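Hi,

Here's the structure I said I'd send over. Have a look at it first, then read my notes below with it open beside you.

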Amino acid sequence: MDFDKELDARGLNCPLPILRCKKALNDCTSGQVLKIVSTDPGSVKDFAAFAKQTGNELLASAEAGSEYTFFIKKK
Amino acid sequence: MDDQKKMAIIATKGTLDWAYPPFILASTAAALGYETQIFFTFYGLQMLRKDLSGLKVSPLGNPGMPMKMPFGPKWFRSINWNMPNAIQSLVPGYESVATVLMKQTIKNNGVASIPELRELCQEAEVKFIACQMTVELFGFEHSDFIDGIEYGGAATFFEFAGETDICLYI
């Protein structure tokens, strides 16, 4: 999937992946896609909840081994 | 902006472990778009001090706290070193050692430090209010605390708390 910015949140635990994501989205313009890679298993539900509550669209999420990848489109 | 969601927290504890819930919830709420305030009262004032090294964790009288080593091979890390309260209370520096070990465990797990989380809250414009009555009760000076906080009382808290969607006592 195409993306405009990438955030490496590997090794970080709750709530840091969400906080870093929020910060990264602040630097994006509307419609841009942010790719996030995380190793926190809790982030799967957290990013879905974050997207739902903030209106930024979670385009896709994938799991590969112990890494989780998310694509979020800025509102 | 009346449809803006709001959250208020009363933070009353002054230990390293209990400093986490208010700062984690407040920073996350801010990231989710909530207008957020934390009212720090009694021991919670410790979380607003410039020097946060006084935040410690105590295994004494805390049966829920696992005492595990943050280093060594896996079998060693999984041993639980809980000791009877009577022994803990006799060993000088037990709390300090437990705190050092806890801070290492926190680091090993990629969990943010309290100074880091507090800074993230401030960056996200979480409003910090220190209870003026407790500041005086405990003999603190405003200069003991970080900049950018307000001082107020119960009525100040209710002014905001009365309009919140979520209100927590921690």
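**What I found**

Let's start in chain A, where strands E3 and E4 (residues 67–73) run antiparallel and are joined by seven bridges. To find the spot by eye, look for A:Ala62, which sits opposite A:Thr69 in E4(A). Keep in mind as you go that this is a predicted model.

Now zoom out a bit. That pair belongs to an open sheet of four strands in chain A, ordered E1-E2-E4-E3, and the pairing is mixed. Which strands stand at the edges? They are E1 (5–9) and E3 (57–64) of chain A; each has a single partner strand, so one side of each has no neighbour in the sheet. From one strand to the next, the twist averages 15 degrees.

Two helices pack on this sheet. Helix H1 of chain A (residues 16–26) touches E1, E2 (33–38) and E4 of chain A, and its direction makes about 160 degrees with that of E1(A). Helix H2 of chain A (residues 43–54) touches E2, E3 and E4 of chain A, with its direction at about 175 degrees to that of E3(A).

The peptide bond from A:Cys14 to A:Pro15 is cis, with omega near 0 degrees. For background, most peptide bonds are trans.

**Where the chains meet**

How many residues of chain A are in contact with chain B? The count is 11 residues of chain A, touching 11 residues of chain B. On the chain A side, H1 and H2 are the elements that give two or more residues, and H1(A) has the largest share, with four residues. Sorted by class, that side has six nonpolar, four polar and one charged residues.

H1(A) also packs against helix H1 of chain B (residues 16–31), at an angle of about 30 degrees and with the axes 9 Å apart. That makes the two helices, H1(A) and H1(B), roughly parallel, because angles under 35 degrees count that way. Their crossing is left-handed. If you want to see who meets whom, A:Ile18, A:Leu19 and A:Lys22 in H1(A) meet B:Ser27, B:Thr28 and B:Ala31 in H1(B). By class, this helix contact has three nonpolar, two polar and one charged residues.

**Over in chain B**

Chain B has an open sheet too, made of five strands in the order E4-E3-E2-E1-E5, with parallel pairing. Its edge strands are E4 (150–152) and E5 (166–169) of chain B, each pairing on one side only. The twist in this sheet averages 20 degrees from one strand to the next. E3 of chain B (residues 127–131) pairs with E4(B) in the parallel sense over three bridges, and B:Ile129 stands opposite B:Glu150 in E4(B).

Helix H4 of chain B (residues 94–108) has 15 residues and reaches 21 Å from its first C-alpha to its last, close to the 21 Å expected at 1.5 Å a residue. After H4(B) comes B:Gly110, with a positive phi near 65 degrees.

One last thing to click on is B:Phe42, in the loop between E2 (35–40) and H2 (74–77) of chain B. B:Phe42 is not a glycine, yet its phi is positive, at about 45 degrees. Most residues other than glycine have a negative phi.

Conventions. Residues numbered from 1 in each chain as written. Chains lettered and ligands numbered in written order. Predicted model: local features only at pLDDT ≥ 70, side-chain atom pairs only at ≥ 80, totals over all residues. Pairing = 2+ DSSP bridges. Axes fitted to C-alpha atoms, helices over the stretch in contact; angles between N-to-C directions. Contact = placed C-beta atoms within 7 Å. Parallel < 35°, antiparallel > 145°, perpendicular 65-115°, else oblique. Left-handed = near helix turned anticlockwise from the far one by under 90°. Nonpolar A, V, L, I, M, F, W, Y, C, P; charged D, E, K, R; others polar. Expected span 1.5 Å × (residues − 1).
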